[in-house]
Each structure stands twice: as structure tokens, then as C-alpha cells.
Amino acid sequence: GKESLSMNRHIIVRSAPLLHVSMLFLLSQLQLAGAVDTETIGATFEQPTEDSSLDVTLTLAEYTHAGPGVQQMTRSFNGGLGGPTIRAKPGDTLKVTLVNNLPAEAFSTASLHNVFKTPSMTNLHTHGLHVSSAAPGDDIFTEVQPGESYQYTYVIPTYHMGGTFWYHPHHHGSTAIQAGGGAAGMIIVEDPAGSLPDEISSLEEIVFVLLHLDMPELTAVAQQYENNCQAAGGTEVECDDTVWANGAVSGTQTNSVLVNGQSQPTLTIAANRWYRFRMVFAAVNSLLAPSLTGCTVKLLAKDGVYLQSAPRDITEGYMGPGNRADWLVSCPAGTHIFASDNSRRRRSRRMQGKGPGGMAGGGGGTTTLTQALATIVATDQGDTACDLPVFSVKRPCYLVDLTSTTPSQTVAIQLGPPPSINGNTFTSATTYEASMPVGAVIGLNLNGVNGHPFHLHINPFQLTTNPADTVNNYFLAGDWHDTLLTPDGNLNVRIQTDYFV
């Protein structure tokens, strides 16, 4: 509501350090403890549990994840690797009680700045939702101390577009170790009846929470935290991170993308039948280039916003940390491999951060992950291949087409070198990189989005021109994003500062 506006009714862009903005990277996994096979490669595909009660409890606590050949402690939600898929509708009021069951630090690192610190402090960010950023809404400066709880209240506007979003911790200093360790989940805002063609709205939906669980990197982050803690005056015992710093509980640490907490699970579908894949890439410093060779794939939406003309034929995706994508998929009878491949982007450059690895320095990085994600087995159940209609949805005001609109203000944003924006590092919640009037169309000239993802909370932005490399039409003028990582370093986008800031 109006309370979300700053005192001078201006939207703000903060110089969050890239170790924090990269926390837009996020992550996740959903499994019920003891109910999902996370130890076997190729186990039967399981979707996350769902919660549509509008009164959700997320309990953050230490948790031991059992993967193939490894047991690793981490911090996650509700006794599993990730949290439930939360479903809501436009006009709903969603309440989420965040319970922090992590142990308190023996030596407080709360006074440290722009470094890894306070691994037991937390909060929650609803990544992509167009809601108030004022507490008790999507306020990333809320702090939930160990042993405490906090109830978030998200008033979803009646005009909110249906789409795929997600949630994860966003406390400055501990986002990487928490979200990177699997504390995240998907949010689905359902489409109002009649807003989509029947051929689309009737499709079975399959949730893919694609978590890049980089165990060696998280151990390096924890060890950097220990160094920071001791440098601030804590003893070795007081600063010991017993979750990640000592590596695996047993076995050998892995660096891989999990699907709903599982390793390359096997999903059985009906041949020649259309499905809607809802995907979120939860990662820190890498790029996912998913493809499904042998199947027909159409792009329906990106970052929770339908394409101007949907669906669009694609051959692969290009997902940076925090990106979501909705695909329409139909496969002929047979076995198909859903995979990420770097074959077309070996030229991609990596922006190295300071410290042990990209996460530690906050650098996004564009190293493409190469691995099988899941096996898709399509069985003949009598379906006949069919075409889907091309359509356009009605758009709320905050998503009207801005490609032919002249912005009232243009802001230049240079990402990097980490951890800076426009050469400035994060100072405080009240130190702004730019100020913009509410109710205006603003142009953003982005530089460096090939090396680090750019993310805006609350208000998505629109591409105004085709990038030089569209990745086979994955990126086109008119597309909307709230998170952007592309092969091209320089792109111009526009936002409308509509009501919420």
C-alpha cells in the first residue's frame, strides 16, 4: 500500500554489494524428511509439498542432507532441503510465520559490514512478487534473531499477474550460506479463471526447483565467516561454524544441481501430451542452460510474467541465479534427457570476486553448468500430438508495454567489479544509488549483466531492444524480467514505478 513509499515518494536503488545482490541468486529444494529419495541417482521424481492455506510456517533449522555418497549439514526449512510450494491467488493476503530455530552465535558478528557474518540471523524475501516492501511485507531489512519468530503479511493485489515466484532468506551477510544451502521454495500466484486459453490453463503443472548445491563453495564461505569472526575478536571456539566449515559429515562433497532435492530423478509423463514446467534456478555464481532434446519446448513466461505473445518456440533456456521460466513441453514416446549444456557458450566470461570463489566475493559468474538434470520417460497413453494457440494476456498497469514509451529519467547502472554498483559498495538501508519518482517510466542502462545478474525487488523491468545474442530467441524486446543475466554485457531496460517501491 501507500505505506511502502519512501518519505519523498521516490523509488530507490541501493548499492547493495554484489555479495548481497548476488544473493538474488538464491536456491532451494523441497523434500519431506524421510519421504523423498535424495540418495539415489535417478530415483522417482518427487514434487515439493504444497501449501495453499495462506497461513504458512517456515522453520529454519540445521538439517543433515543425505545425497549420493555424501551426508552434509546445512540450514534449511521444515526439516528438509527446502520448503513447500506456496500457492496463492490475486487478492489474497498471505501470512508466513518465519521461525528461526538456529543456535545463536557464541561471538556476535552483527557489527561487521559487507562480509560474511551472522549465519544464524535470517529474514525472508518473496522474490518477484509485486507487493509492499514495507514491514511486515517484503522488507529485506527485517531481522529475525535466533530463537525468535516473525509473521510476514503479504497483501497480493487483486490485479497481480499469475506466475512463478520464489522465497528465500535475504539477510545481509548470511544470504549465501542460508539460501545457497537450500533454504528456499517456490511461490505460485494462480491465474484467474478465464485469463488463459483452456488449452493452457488445463495443463498439468510440474515444479522444478533447480538448486545448485555447491558444497565445497559453501564450506569456503563458512571458513571465511570464521576468519571474519576471529578478526573481530572472537576465539576459534566461539567462531566455529559446525554446519559447513568442516566439510561433509561423511562421504565426499559434491557440486551439482539438484531437482527438488534429488539427483537426476526420473519423471514419467504421457507421450505427446503437453505439460507446464514451472522452474526456478536457485544458484550463486553459475548459469543454467536447460534443454530437452527430442521434445517440443515452448516458452510461456519468464520471471513470473507472460510473454507479450505466448508461447514462443525455443531450443534452450538461459537462466541466471534467481531466474524462473515456465515451459510448455511435449515429448514423443521414449527416454529424453533434461540437461544443462555449455556447448554454445564456451566463450562466456567469469567475473571473479574477492575471497575463496565466486560466492565469497559476490561475483555472479557465467560458468555454464554441464550435467543431466533429470530423465524424462514418455510412455504411450493414447495421446495425439496437437498444436497450442498463440495468445496474449490482459496486463495490469505495472506490466503495460513500455517499448515505445519515452522514459522521464534514465539511470546508468554498472555492475562490478564485485562487490560494487557504479563503484559504490553497500552503506545502509537509507543510502541510495538513485532516486526515482513514483508513477514514472524510468530507463535503466545496464552494464555488466553478462558477468553478474541484475535484480530489482517489487518492480519488474522490460527489455526495449533485442540483445545482440538472443540465445535462439530466448531474449527478445518486450520480455519482462526481475533478474537478468545475458550473454551481452550492455542492455537498456525500462521500469514503471507503479505504486510499490
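Reader: In E6, which residue is the bridge partner of Leu58?

Author: This is a predicted model in which local features need pLDDT of at least 70 and side-chain atom pairs count only at pLDDT 80 or more, while totals for chains, interfaces and linings use all residues. Residues are numbered from 1 along each chain as its sequence is written, and side-chain values use heavy atoms, with hydrogens and water left out. Strands here are DSSP runs of E with at least two residues, and helices are runs of H or I with at least four, both numbered from the N terminus; two strands pair if DSSP finds at least two bridges between them. Strand E3 (residues 55-67) runs parallel to E6, with 6 bridges joining them, and the partner of Leu58 in E6 is Leu98.

Reader: Which residue in E8 stands opposite Thr97?

Author: Strand E6 (residues 93-100) is antiparallel to E8, and 7 bridges join the two. Opposite Thr97 stands Gln151.

Reader: Which residue takes a positive phi in the hairpin of E3 and E4?

Author: E3 pairs with strand E4 (residues 70-77) in the antiparallel sense over 8 bridges, and Thr64 stands opposite Met73 of E4. The hairpin has 2 residues between the strands, and the positive phi, near 75 degrees, belongs to Gly69.

Reader: How much space lies in the largest cavity?

Author: A cavity is a set of points, on a 1 Å grid over the protein atoms alone, where a 1.4 Å probe fits but cannot get out; lining residues have an atom within 4 Å of a point. Grid points are joined across faces, edges and corners, and a volume is the space filled by probe spheres set on the points. The search of the whole structure finds 3 cavities of 30 Å³ or more. The largest is lined by 15 residues, with Gly128, Phe165, Asp303, Val305 and Pro460 nearest its centre, and holds about 80 Å³.

Reader: Which helix gives the largest share of the lining of the second largest cavity?

Author: About 50 Å³ of space lies in this cavity, and its lining includes Phe116, Lys117 and Asp241. The largest share, 3 residues, comes from helix H4 (residues 215-231).

Terms used: 1 Å grid on protein atoms, 1.4 Å probe; cavity = no way out; pocket = protein on both sides within 12 Å on 5 of 7 lines; lining within 4 Å.
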